[in-house]
Structures are given as C-alpha cells and as structure tokens.
Amino acid sequence: MSKKVFKDAKSALFDVKDNMTLILGGFGLCGIPENSIAVLRDMGVKGLTCVSNNAGVDDFGLGQLLQNRQIKKMISSYVGENALFEKLYMSGELELEFCPQGTLAERIRAGGAGIAGFYTPTGVGTLVAEGKEVKNFEGRDYVLERGIVGDFAFVKAWKGDKFGNLVFRKTARNFNPMAATAGKITVAEVEELVEVGQLDPDQIHTPGVYVQRIFQGANYEKRIEQKTVRKG
Amino acid sequence: MPLTREQIAQRIAQEVQDGYCVNLGIGIPTLVANYIPQDKFVMLQSENGLLGMGPFPTESEVDPDLINAGKQTVTALPGASFFSSADSFAMIRGGHVDLTVLGAMEVDEQGSIANWMVPGKMVKGMGGAMDLVAGARNVIVAMQHTDKEGNSKLRTKCTLPLTGVKCIKKIVSDFGVIEITPQGFVLKEYAPDLTPEKVLAATEGKMTIAPDCKAMTF
C-alpha cells in the first residue's frame with residue numbers, strides 16, 4: 001500500500017499526457033486540487049478535456065490552464081467568474097459542454113460506479129436535452145445522461161492515510177468524493193497525510209480503494225472568492 | 001410604487017413554513033433568510049453541500065472551506081450537515097427540499113422559466129438551477145415584473161433558452177403575487193400603490209385577476 005504514496009504533485013502526475021480527460025473536484029475555488037493544477041500548468045500538457053463544476057478564476061484554479069491554452073474542452077455547470085473563459089469560448093478557442101450541476105455530480109458518480117447512463121428529469125425540454133433520448137416513466141419525462149470516467153481524477157481532501165482513505169472538511173467536500181471514484185487513476189492531495197490506522201473508519205468519506213496515488217500537498221492558498229462577514 | 005427587493009423577500013418569507021428545508025438562490029432570494037420569523041425552525045440548504053446554513057461569519061470565523069453556493073463565506077448552525085454534491089442533488093432532485101426560491105429573466109404563462117443564458121451575450125451556465133426547478137416540490141420565483149425598458153418579463157412564451165418547462169407555480173414580482181394555473185397567470189395580490197389593472201397592463205402573458213385579489217400591506 002505504500003506504493004500509493006508520492007512525495008509531491010510533480011512525482012504523482014508524471015504520466016499525465018496530452019489530450020486526456022481529467023475530472024477535478026472542487027466548487028468554485030473551494031476544495032480544488034491546488035497542487036495538482038499547478039503541476040499540470042508547469043507540465044504544459046495540452047488538448048485536455050476538463051470535467052469540473054467551475055473553471056476557476058482568471059489567475060487561479062483551472063483559470064491557470066486556460067491562460068496557457070491547455071484546455072480543449074470544459075464540461076461544467078457554471079463558468080461565470082471567469083472573464084477569460086467567456087472570451088475563449090466566444091472566440092471558438094474553447095469547447096464547452098454545459099451540464100446542470102446535479103446531473104454533473106451524478107454523471108461522475110455513475111461513471112465511478114460502473115453505470116453507463118441514467119434518466120433524470122433535470123433539463124427536459126431545454127437545450128441540455130437536445131439530441132438525447134427522452135423516456136416517459138409514470139407520466140413524467142426523463143432525459144438519458146451518460147456516466148463520465150476520466151483518464152485521471154484529481155481530488156483534494158483534508159486528511160488522508162497511506163492507503164488512500166480520505167476525509168474532507170466542511171463544504172470543501174463538494175465534487176471530490178465522486179471525482180475520486182471516477183478516475184482510471186485517481187490522485188488525491190491532502191493537507192495532512194497520516195499512517196494507516198490513524199483515521200477512524202466510521203469517519204472516512206472516501207474509502208482508499210478509489211485512490212491510486214496520494215501525496216501531502218504544500219502551500220495551500222485556499223483563496224476565497226467572496227469574503228462576506230458580519231460585525232462580530 | 002412597486003415593491004422593493006426587500007419587500008419581495010419579505011413577502012416570500014411568509015410562504016416558509018415551520019420545519020421547511022429551503023434552498024435560496026442568489027440575489028433577492030438570498031434576502032428571504034432575513035425575514036424568516038425566529039419562531040420557525042427552518043433549515044437552509046446550499047447546493048454545494050450544506051444543510052443548516054447560518055449567517056455570514058465574523059472576521060475571526062471566516063473559513064475558506066465553508067462557503068455557500070454563491071461562493072460567499074458563511075457559517076453552519078447547530079444541526080447542520082455537510083455532504084457531497086451528489087448527495088446534495090439527491091435531496092434536490094428527489095423532492096426532499098420543501099421550497100426553492102430563485103430569480104428569473106422570464107417566466108411564461110405555462111410556468112416555464114428562463115434564467116441561465118442570453119445567447120451571444122451571457123454564457124455563465126445554469127449551475128444548479130435546472131435541477132432545482134425539476135426537483136423541488138415548490139418553486140417560487142422572485143423577479144422584476146418588467147425590464148428596464150418596461151417590457152414584461154411575464155411572457156406568453158419564454159424567448160430565452162429555458163431552465164425548466166412548466167415547473168413554476170408562483171411568482172412574487174415587484175408588482176405583486178402571481179399564481180400560475182392552467183388558465184395562465186392569476187393575480188392574487190398587488191403592490192400597495194398599484195391597481196390590478198396596472199399590473200394587467202404591464203403583463204404580456206394571459207393574466208386574470210383573482211376574485212379575492214387584494215392590495216399588499218407592509
């Protein structure tokens with residue numbers, strides 16, 4: 001099991017290649033695999049299809065890969081915080097597949113669970129359902145959506161052990177547990193890497209079987225998009 | 001005078017019942033939380049994975065790992081839970097959320113809603129809106145009745161790409177409270193300084209005035 005442990009993002013991502021499909025955890029900038037994204041940027045891999053709820057902001061998160069024109073296609077539910085994204089999309093340099101947030105979560109979950117597709121009421125009668133099979137169950141229409149599997153999945157957890165068991169923190173969990181299940185190779189970066197046996201089995205969110213590589217990340221910025229406070 | 005954003009939120013808060021789980025969208029819907037009476041036990045759901053959302057944190061409570069669906073820093077109340085996006089939308093799509101309040105660019109007389117895209121102009125995405133309108137048992141739209149040029153946003157048929165088909169039952173606009181029935185829009189309440197006739201004149205879609213239609217009071 002110690003074979004899963006890598007010393008850093010660079011060593012864990014050594015075989016990511018051009019034109020691969022990557023699934024990334026995170027919601028906005030919360031719970032994103034910061035170290036892995038930085039290494040993808042430095043490696044310069046191109047032609048990537050990135051499955052991620054959002055596309056970061058101009059200079060952080062996946063925005064860094066957009067700046068370097070490394071992404072060919074995004075599958076996302078919301079890209080509103082990124083001006084560069086809009087520019088690249090409008091000019092045709094970037095493909096975009098909009099996917100409703102719940103459908104995206106379920107597509108990744110299905111991919112990881114060996115389910116090829118599922119019927120959902122979300123998006124029936126909208127642009128999202130165009131070209132897809134619609135089936136009526138008990139009087140209501142549902143659209144067929146496909147599971148997603150990535151060549152790699154990159155997730156960020158709070159704590160992990162050397163077997164790959166993961167514990168997430170607060171709303172930084174978001175898409176990470178599904179993403180972890182849906183990578184042919186799943187790379188987990190954690191704030192704190194502990195020995196096997198140090199995590200309470202009852203508290204583990206992602207069992208280690210889903211994780212092929214794990215490393216303790218460094219220098220987490222955890223940037224906040226909208227800092228809102230009340231007077232204390 | 002039409003209703004203020006706060007008055008729209010205040011009126012919607014009256015629809016929130018004790019024990020409800022409620023998802024509030026961005027904009028006017030967020031303000032609804034300010035008007036839910038303290039004696040009602042209500043859990044706010046944020047679709048990024050939090051049930052039991054509390055107010056904004058104090059400076060010392062700010063936690064980058066604790067945000068709402070608008071990516072704002074928030075707090076979690078006693079009884080709160082955190083969960084994955086798949087679990088969050090199981091709640092939403094599975095009909096476990098009692099009430100969803102969201103904004104709209106257009107709603108039509110059949111209850112279809114458009115709020116995620118203006119072709120050629122705005123490409124931000126639908127986020128969770130399509131799931132929310134497909135799944136919540138009860139969806140209330142908070143919106144402006146007309147655009148800046150005075151054109152009705154309560155349409156005969158939506159002109160923008162749809163978020164959901166025939167899923168809206170109630171609108172609270174700055175002009176009043178409107179229900180959507182098989183016969184189209186029905187005006188139930190109108191803003192204090194307006195008349196039902198003025199609301200009718202400002203509405204493109206087919207609208208009737210409810211027999212018990214009344215002026216709103218604040």
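My notes follow, beginning with the conventions.

**Conventions.** I am working from a predicted model, in which local features need pLDDT of at least 70, side-chain atom pairs count only at pLDDT 80 or more, and totals for chains, interfaces and linings use all residues. Residues are numbered from 1 along each chain as its sequence is written, chains are lettered from A and ligands numbered from 1 in the order in which they are written, and side-chain values use heavy atoms, with hydrogens and water left out.

**Entry 1: a sheet in chain A.** I looked up the strand order and found an open, antiparallel sheet of three strands, S5-S7-S6 in chain A. Strands here are DSSP E runs of at least two residues, helices are H or I runs of at least four, and both are numbered from the N terminus; two strands pair if DSSP finds at least two bridges between them. S5 (117-120) and S6 (134-137) of chain A are the edge strands with a single partner each, so one side of each has no neighbour in the sheet. On average, neighbouring strands of this sheet are turned by 35 degrees against each other, direction ignored.

I then checked the S5(A) pairing: four bridges join it to S7 (residues 140-146) of chain A in the antiparallel sense, and A:Tyr119 sits opposite A:Leu144 in S7(A). Helix H5 (residues 101-112) of chain A lies across S5 and S7 of chain A, at about 155 degrees to S5(A). Axes are lines fitted to C-alpha atoms, for helices over the stretch in contact, and angles run from 0 to 180 degrees between N-to-C directions; contact means heavy atoms within 4.5 Å.

**Entry 2: aromatic rings.** In another, A:Phe152 and A:Phe154 have ring centres 5.7 Å apart and planes at 5 degrees, so I noted it as stacked. The rule takes rings of Phe, Tyr and Trp (its six-membered ring) with centres within 6.5 Å; planes under 30 degrees apart are stacked, over 60 edge-to-face, the rest tilted. A:Tyr119, A:Phe137 and A:Tyr142 form one aromatic cluster.

I also looked up accessibility: A:Phe152 is buried at 1%, A:Phe154 is buried at 0%, and A:Phe137 is partly exposed at 33%. Buried means under 20% relative accessible area, exposed over 50%, partly exposed in between (1.4 Å probe, protein chains only).

**Entry 3: A:Lys156.** Is this lysine, A:Lys156, buried or exposed? With a relative accessible area of 5%, A:Lys156 is buried. The residue belongs to strand S8 (residues 150-161) of chain A. Its side chain makes a polar contact with that of A:Glu191, at 2.9 Å; such a contact is a pair of N or O atoms within 3.5 Å, where within protein one must be able to donate a hydrogen and the other to accept it, and residues adjacent in sequence count only if both atoms are side-chain atoms. A:Lys156 also lies over the face of A:Tyr220, 4.8 Å from the ring centre. That call needs NZ of Lys or CZ of Arg within 6 Å of the ring centre and within 35 degrees of the ring normal.

**Entry 4: across to chain B.** B:Lys71 lies over the face of A:Phe27, at 5.0 Å from the ring centre.
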